[in-house]
Amino acid sequence: MKKTTLLLALLPLTFLPLVRGLYAQESTAQTHAGHFLFRVPEGWKTTQQGDLFSMTPPDLGSDELLSFLFLAPVTDTGFLAVADATISQVATAMQGTGITQPFANHPLYFQLYSGQCLKGWDYSMGTGSIRMPYKDPNNPYVTSIDFSIGVFLARLNGRMERVCYISRDFKCGNYETTTSYKWTYGPVVDDFFFNLEFDDWKDTHSRPGKISNTGISAVWSGVSYIQGMYRASFFVLFDNGQVYYNSDLPKYGLSNLNTIAAAANDPPHWGTYSYQGGSGVMKISWQTIPFSIADGRMSAGLNGAQRTFQKMPFLEKVRLAGTWNEFKGAISIAFTADGQFTDQGVLRSIEHRPTTCNEALPEKAQGTYEISNHSIIFHYAGGMTTQAALAELDLHPGVCSPDQLILGWHNDVLEKNKP
């Protein structure tokens, strides 16, 4: 039997004392666990045994493990102390130990972000590590297995709510990685915590922002001094008062973007804005940016100077025709005007992952595509779907074949194949 199969069998029993409360399925769309209200990701498996509720993805590999666990709330409302205690509690339940973080801001917990979610409650999210002894029945020696633990804490109504995920670490070639980094699981991990609702809390903002392309809600492009140099940059003003400012678009573009989760996972590039009578103010991390709009242009006060941004056209019903390549033709992608694509390695490349250990996209593929809201969405012939940011520079409604195609969150420049 594979190690992961054994661990999946053991973990629900091991975690039985952790969670308290009655768990009930409210409907096919939403689950009620303690005070939590949430939707189980499509295809994921749920386990309820006694007081325990957990959920796992359906396609774990032989060396992988990923499970979300809902823990009982506590009255202590100090983030760092509760996070350390949570890691210790989970480690003890696994009959393991928490591993001290060498560069963390607390012994076991490495806090990534904290602040106030747009829903109105305060949060902290971060990671830790757990080492669990393991006895392989085919090996006389006791070894150990390491797990990454993701900790999410929400402070509301005088208590601290807790959710965590357990992700098995494994070796891939010369690299160490963990299951939660896998391409198909990453978006779930990023979005899940900030989709949570609570049965005794009314969210301040419950609706993610959209680009209405009316008034000021649009994508504005220009040049500004950012990341130590002058770069092409974007202001994205959403219809719910959120704003995004960066030299790159969000990783997958703007189509179906959960702006509440995106802002909480990347606070330095997100904020809010107010606007009235032609002028307004954006508050983004440590910056307060006054701006005005007139004649279809935005003027923003940045670094003591006024910078001009143009409103980018909203493009729908766009089709591409041609083949574009990167790295002098080493990889390429072809599009046809009837909505077909053939990929020869580009879609993997534009992800810019540090290793291929957690990659799920095939090296070569074909299927159909659609362009929507600064994203290009790929529907693979085998049934999988992915999407990438699309800057839409030099594109227009109808069939396009620009000399350069800028694709992906890192603004990869693809050159068109010449006849």
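Me: Which residues is serine 217 in contact with, leaving aside its neighbours within four places in sequence?

Reply: Contact means heavy atoms within 4.5 Å. By that rule serine 217 touches Lys210, Ile211, Ser212, Leu237, Phe238 and Asp239. This is a predicted model, in which local features need pLDDT of at least 70, side-chain atom pairs count only at pLDDT 80 or more, and totals for chains, interfaces and linings use all residues. Residues are numbered from 1 along each chain as its sequence is written, and side-chain values use heavy atoms, with hydrogens and water left out.

Me: Is serine 217 buried or exposed?

Reply: Buried means under 20% relative accessible area, exposed over 50%, and partly exposed in between (1.4 Å probe, protein chains only). Serine 217 has 4% relative accessibility and therefore counts as buried. Its side chain reaches the backbone nitrogen of aspartate 239 at 3.5 Å.

Me: How should I read a salt bridge, and how many does the structure hold?

Reply: Side chains of opposite charge can pair when their charged atoms come close. A salt bridge is a side-chain nitrogen of Lys or Arg within 4 Å of a carboxyl oxygen of Asp or Glu. The structure holds nine. One of them joins aspartate 146 to arginine 131, with the closest N and O atoms 2.7 Å apart. This pair links distant parts of the chain, since aspartate 146 is in strand β10 and arginine 131 in strand β9, 15 residues apart. Helices (H or I, at least four residues) and strands (E, at least two) are DSSP runs, numbered from the N terminus.

Me: Which residues pair in other salt bridges, and how accessible is glutamate 161?

Reply: Glutamate 161 pairs with arginine 159, the closest N and O atoms being 2.6 Å apart. Glutamate 161 is buried at 2% relative accessibility, and arginine 159 is buried at 10%. Glutamate 176 and lysine 171 also meet in a salt bridge (3.9 Å, N to O). Here glutamate 176 is exposed at 59%, as is lysine 171 at 54%. Salt bridges that share partners join Arg159, Glu161 and Asp200 into one network.

Me: Which residues touch the most other members of the largest nonpolar core?

Reply: A nonpolar core is a set of buried Ala, Val, Leu, Ile, Met, Phe, Trp, Tyr and Cys residues joined through side-chain atoms within 4.5 Å. The largest has 29 residues, and Phe38, Phe68, Trp121, Phe152, Phe193 and Phe194 touch the most other members. Its largest share, five residues, comes from α3.

Technical notes. Polar contact = N/O pair within 3.5 Å; in protein donor to acceptor, adjacent residues only side chain to side chain.
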